[in-house]
Amino acid sequence: MSFLFSMMLLQESDIEKKMAEAPDGWYEIGVVIGSYLPFVVLAGIAYAIYYYQKKRRGSD
């Protein structure tokens with residue numbers, strides 16, 4: 001668990017560094033979208049698996 005926490009802190013500092021060095025506002029928007037998109041995709045996959053298993057269990 002501490003490994004995950006340390007990776008989140010490392011990523012946060014990297015995002016802040018990129019924001020400080022951003023050439024314009026559009027780059028900042030791209031950095032934010034790029035940093036949150038993997039979490040959104042993983043949450044979507046987890047929900048799809050949950051929904052599939054719930055539907056499969058109900059059909060027995």
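This is a predicted model: local features need pLDDT of at least 70, side-chain atom pairs count only at pLDDT 80 or more; totals for chains, interfaces and linings use all residues.

Visitor: How many helices and strands are in the protein chain?
Guide: Two helices and zero strands. Helix α1 covers residues 2-20, and helix α2 covers residues 25-58.

Visitor: What share of the residues is buried?
Guide: Of the 60 residues in the protein chain, 7% are buried. Buried means under 20% relative accessible area, exposed means over 50%, and partly exposed is in between, with a 1.4 Å probe and protein chains only.

Visitor: Which residues form the nonpolar patch on the surface?
Guide: Among them are W26, I29, Y36, F39 and I49, and the whole patch has about 1200 Å² of accessible area. Patch members need over 30% relative accessible area and no salt bridge; like charges are joined within 9 Å, and nonpolar side chains (Val, Leu, Ile, Met, Phe, Trp, Tyr) within 5 Å. A salt bridge is a side-chain nitrogen of Lys or Arg within 4 Å of a carboxyl oxygen of Asp or Glu.

Visitor: New topic: how many aromatic pairs are there?
Guide: The whole structure has two. Y47 and Y50 make a tilted pair, 6.3 Å centre to centre with 40° between the planes. Rings of Phe, Tyr and Trp (its six-membered ring) pair if their centres lie within 6.5 Å; planes under 30 degrees apart are stacked, over 60 edge-to-face, the rest tilted. Both residues lie in helix α2, three residues apart, about one turn of the helix.

Visitor: What about Y47 and Y51?
Guide: That pair is stacked, at 6.4 Å centre to centre and 25° between the planes. Y47 and Y51 are separated by about one helical turn because they sit four residues apart in helix α2. Ring pairs link Y47, Y50 and Y51 into a cluster.

Visitor: Is Y47 buried or exposed?
Guide: Y47 is exposed, at 54% relative accessible area. Y50 is partly exposed at 48%, and Y51 is partly exposed at 47%.

Visitor: What does the side chain of S35 reach?
Guide: The backbone oxygen of V32, at 2.9 Å. S35 is in helix α2, and its relative accessibility is 9%, so S35 counts as buried.

Visitor: Last one: which residues does K18 touch?
Guide: Not counting residues up to four places away in sequence, K18 touches Y27 and V31, where contact means heavy atoms within 4.5 Å. K18 lies in helix α1 and is partly exposed at 36% relative accessibility.

Conventions. Residues are numbered from 1 along each chain as its sequence is written. Side-chain values use heavy atoms; hydrogens and water are left out. Accessible areas come from the Shrake-Rupley method with a 1.4 Å probe; for residues, only the protein chains shown count as cover. A polar contact is a pair of N or O atoms within 3.5 Å; within protein, one must be able to donate a hydrogen and the other to accept it, and residues adjacent in sequence count only if both atoms are side-chain atoms.
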